[in-house]
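Please keep the sequence and the model in view while reading.

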Amino acid sequence: MAPPFWYTCPTICIIEWLAAIWHAQFTTGGSIMNAVLLLARIIHILAGIYWVGTLFFLTGYLFPSLRDAGSSSAAVVDALERRGFFRSMPISAGLTILAG
């Protein structure tokens with residue numbers, strides 16, 4: 001019998017691994033400072049993955065496609081702005097820098 005999809009998903013496996021580390025911090029007598037540093041490291045890694053991955057997507061796929069689309073690309077940029085995309089990039093960059 002095959003395992004369920006959520007178990008094979010890499011994101012869920014990473015979250016389970018991080019939860020196990022977090023739990024080990026408190027069951028083995030780890031200090032609260034270690035837990036704060038672990039949380040900062042997790043935020044740094046996840047925000048950095050989002051930031052760098054989005055930059056690769058933008059420069060490799062979206063911007064060349066918008067350039068090829070010509071004048072109709074303005075609707076796509078407006079939709080990205082309405083959905084808050086242009087706010088999410090500085091937030092993820094700031095979180096990566098501050099948590100790192």
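## Thr54 and its surroundings

Leaving aside residues up to four places away in sequence, Thr54 touches Phe85 and Met89, where a contact means heavy atoms within 4.5 Å. This is a predicted model, in which local features need pLDDT of at least 70 and side-chain atom pairs count only at pLDDT 80 or more, while totals for chains, interfaces and linings use all residues. Residues are numbered from 1 along each chain as its sequence is written, and side-chain values use heavy atoms, with hydrogens and water left out.

Thr54 has its place in helix 3; helices (H or I, at least four residues) and strands (E, at least two) are DSSP runs, numbered from the N terminus. Thr54 counts as buried because its relative accessibility is 12%, given that buried means under 20% relative accessible area, exposed over 50%, and partly exposed in between, with a 1.4 Å probe and protein chains only. The side chain of Thr54 also reaches the backbone oxygen of Tyr50 at 2.7 Å.

## The nonpolar core

Which residues form the largest nonpolar core? This core has 5 residues, namely Leu58, Leu62, Leu66, Phe85 and Met89, and the term stands for a set of buried Ala, Val, Leu, Ile, Met, Phe, Trp, Tyr and Cys residues joined through side-chain atoms within 4.5 Å. Two or more residues of this core come from each of helix 3 (32–69) and helix 5 (85–99), and the largest share, 3 residues, is given by helix 3. In soluble globular proteins, nonpolar side chains tend to be buried together. Not counting residues up to four places away in sequence, Leu58 touches Phe63, Pro64 and Phe85.

Thr96 lies in helix 5 and counts as buried, because its relative accessibility is 8%. With residues up to four places away in sequence again set aside, Thr96 touches His44, Ala47, Gly48 and Trp51.

Leu95, whose place is also in helix 5, counts as partly exposed because its relative accessibility is 41%.

Ile49 is found in helix 3 and is exposed, because its relative accessible area is 55%. Val52, placed in helix 3, is partly exposed because its relative accessible area is 39%.

| Pair | Separation along the chain | C-alpha to C-alpha distance |
|---|---|---|
| Ile49 and Ser92 | 43 residues | 9.1 Å |
| Val52 and Ser92 | 40 residues | 9.5 Å |

## The chain as a whole

The protein chain holds 5 helices and 0 strands, following the pattern α-α-α-α-α along the sequence. Of its 100 residues, 21% are buried. Among contacts with a separation of 6 or more, 53% are between residues 24 or more positions apart. The protein chain exposes about 7600 Å², of which carbon and sulfur atoms supply 72%; accessible areas come from the Shrake-Rupley method with a 1.4 Å probe, and for residues only the protein chains shown count as cover.

How values were computed
A polar contact is a pair of N or O atoms within 3.5 Å; within protein, one must be able to donate a hydrogen and the other to accept it, and residues adjacent in sequence count only if both atoms are side-chain atoms.
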